Amino acid sequence: EMTTKGFLDKKSMIKKIEAAKKKYNIKINNNSMVRSLSVSDKQKVELLKILWGEAEIMIFDEPPSILTPAEIYQFLNLIKDLKKAGKTILLITHKLSEIKQIADRVSVIRKGKFIETLNAKTVSSQKLAEPMVGHPVDLNLEKIKKLPVNDKLTVMELKNINYHPKGFEKEIHDISFSLKSGEIVGIAAIEGNGQSELMKVIGGL
């Protein structure tokens with residue numbers, strides 16, 4: 001229906017896209033180039049493709065894993081809008097907060113085997129975590145006592161570290177930090193931002 005005399009009917013296409021955007025509250029500029037979009041907006045483009053095909057069942061595999069907290073909030077609201085429109089959603093995730101916020105039922109799989117199906121609205125995060133890991137877990141992180149850090153003893157220090165593989169752009173840019181005795185330092189980044197290369201540099205690989 002989107003062609004006229006063998007050519008794409010862009011006006012009809014845009015009209016259909018705008019209708020889907022309005023119905024599901026998707027905000028994105030039609031004139032943007034995909035390569036210039038954020039990860040969140042690229043996901044919206046993929047979702048519009050699915051809606052274009054009028055799919056009734058949608059499967060999402062860890063979709064918020066590379067989004068910011070604000071983008072995750074927007075995405076989960078979008079999923080709720082899709083549900084209200086009568087779509088069936090299968091969301092694969094390991095994040096208990098997302099399951100509690102959005103799911104009706106949750107089926108637990110561990111080591112490739114189905115364990116059980118629970119009511120996501122009534123099951124506690126504690127009871128949901130147990131079948132996921134295979135034993136009782138304590139989710140109360142406030143109980144964990146931090147051991148003292150020896151600020152006077154530096155066990156590792158990086159100064160202005162760069163990694164520039166031959167034929168590629170720099171994968172690590174000017175990294176500096178120190179590690180004290182008894183200290184835990186977290187490296188926070190989404191996949192592909194140099195954390196794996198950094199670990200290999202530190203390990204001498």
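The largest pocket in this predicted model holds about 780 Å³ of space. By pocket I mean, on a 1 Å grid over the protein atoms alone, an open set of points where a 1.4 Å probe fits, with protein on both sides within 12 Å along at least five of seven lines. Lining residues have an atom within 4 Å of a point, and the volume is the space filled by probe spheres set on the points, which are joined across faces, edges and corners.

Of the 22 lining residues, Leu90, Leu91, Arg105, Val106 and Ser107 are the closest to the centre of the largest pocket. Helix H3 (69-84), strand S4 (88-92), helix H4 (96-102) and strand S5 (105-110) each give two or more residues to that lining. Helices (H or I, at least four residues) and strands (E, at least two) are DSSP runs, numbered from the N terminus.

Now the second largest pocket, at about 480 Å³. It has 17 lining residues, with Ile17, Asn29, Asn30, Val45 and Leu48 nearest its centre. At least two lining residues come from each of helix H1 (10-23) and helix H2 (39-52).

Last, Ile187, in the loop between strand S8 (172-181) and helix H6 (195-202). Leaving aside residues up to four places away in sequence, Ile187 touches Phe177, Gln195, Leu198 and Met199, where contact means heavy atoms within 4.5 Å. From Ile187 to Lys84 is 38 Å, C-alpha to C-alpha.

On the basis: residues are numbered from 1 along each chain as its sequence is written, and side-chain values use heavy atoms, without hydrogens and water. Local features need pLDDT of at least 70, side-chain atom pairs count only at pLDDT 80 or more, and totals for chains, interfaces and linings use all residues.
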